[in-house]
Amino acid sequence: MSQPPQPGEPEGQDPAPGWQQPSPQQPYPQQHQQPYPQQPYQQQGWYGAPQQPPPSKNKTALWVGLGVLGLVVVVAVVAITGFVAPGFFLSDSKSEGTAASSSSTPAPSSSAPDGPSQNPVQIPTARTELPKRSAPLADPTNCAYPADTTKEPAKKVDPPAAGPTQASGTVAVTVKTTAGDIGLTLDRALAPCAVANFLSLAQQKYYDGHSCHRLGASGLQMLQCGDPGGDGMGGPGYTIPDEIFSTLKYGRGLLAMAKTQAPDSGGSQFFLVFGEAELPPNYTVFGSISDAGLQVLDKVARGGVNESGGPGDGTGPPLIPVTFQSITVG
């Protein structure tokens, strides 16, 4: 998977001596060139602190001397402690009993329930209001699904029927996963083409058996799914149009399409937002997540992220797998 966009140098700080600006990453090419993973990108930040200058020789010698002195003191204390209270080092029953009776901090209970107190993930509880268009779309609205010539489809399916598409009403969907059921409400008035595409893929069982590949538990709190290949590169062999507007915001309870940085590059990948998501209004919102579905996502988020399997931005595969078993419409 790719990294987020290359950030710039931190503002308000002068580079330390000997520091060099990291080489910028190459920008994403336009569509129809080498494919890149579809994923939401956060606002640009800086790339890392400037390197500190190397310590002087005098400071190095001083620290070495202090370290040696500290080591001598520690050895002396340990020797005196071992002489005065030799039971401290022993593992027999008498010494164990003494240590237990003198302890003032109880050991954590193995029967303590799982919850936020045992996991640092902080998830807001308030829902984000579903966005609304200032002016409704024409109903029906014309949709087109051109072939994606940048890569082979992750799983072959037929595109939805192009042409007039209903742009009003909602559709209830239940996604059965190994982590629990996630209820969705798709909103045709927000994004008729995205809704028609999701329903078409669900009816063709495109998502069945695939696992969500990217979880963000802090900063960008979302679960990204929809790639049968599991690496963030896959698509259905065609693209869908962006259905965005300037007042779009993202937050807990919203469902949106993933894409590359090229316009109109979405396909099958989408992300479920269960917390914070400071993103530019570039990602089509096409529905909302049920309360029960959010509880499932919260559980997955608190289970942790395998950051070593991610792009290096703090996201990665969830440690609690989320594998789609089936999607029921209605």
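Modeller: The protein chain has an average pLDDT of 76, and 65% of the residues score at least 70; pLDDT is the predictor's confidence in each residue, from 0 to 100. This is a predicted model, in which local features need pLDDT of at least 70, side-chain atom pairs count only at pLDDT 80 or more, and totals for chains, interfaces and linings use all residues. Residues are numbered from 1 along each chain as its sequence is written, and side-chain values use heavy atoms, with hydrogens and water left out.

Colleague: Over which residues does pLDDT stay under 50?

Modeller: Residues 1-36 are one such stretch, and residues 43-57 are another.

Colleague: Why is H210 called buried?

Modeller: Buried means under 20% relative accessible area, exposed means over 50%, and partly exposed lies in between (1.4 Å probe, protein chains only). H210 has a relative accessible area of 3%, so the residue is buried.

Colleague: What makes G209 exposed?

Modeller: The relative accessibility of G209 is 57%, which is over 50%, so G209 counts as exposed. G209 is found in the loop between α3 and β5, and H210 also lies in the loop between α3 (192-203) and β5 (214-216). Helices (H or I, at least four residues) and strands (E, at least two) are DSSP runs, numbered from the N terminus.

Colleague: Which residues does H210 contact, leaving aside its neighbours within four places in sequence?

Modeller: They are C225, G226, D227, P228, V322, T323 and F324. Contact means heavy atoms within 4.5 Å. On the same terms, G209 is in contact with T323 and F324.

Colleague: Why is D264 called partly exposed?

Modeller: D264 has a relative accessible area of 37%, between the cut-offs of 20% and 50%, so the residue is partly exposed. D264 is in the loop between β7 (254-257) and β8 (270-273).

Colleague: Where is a cis peptide bond found?

Modeller: A cis peptide bond joins D139 and P140, with omega about 5°. P140 is in the loop between α2 (93-102) and β1 (141-143).
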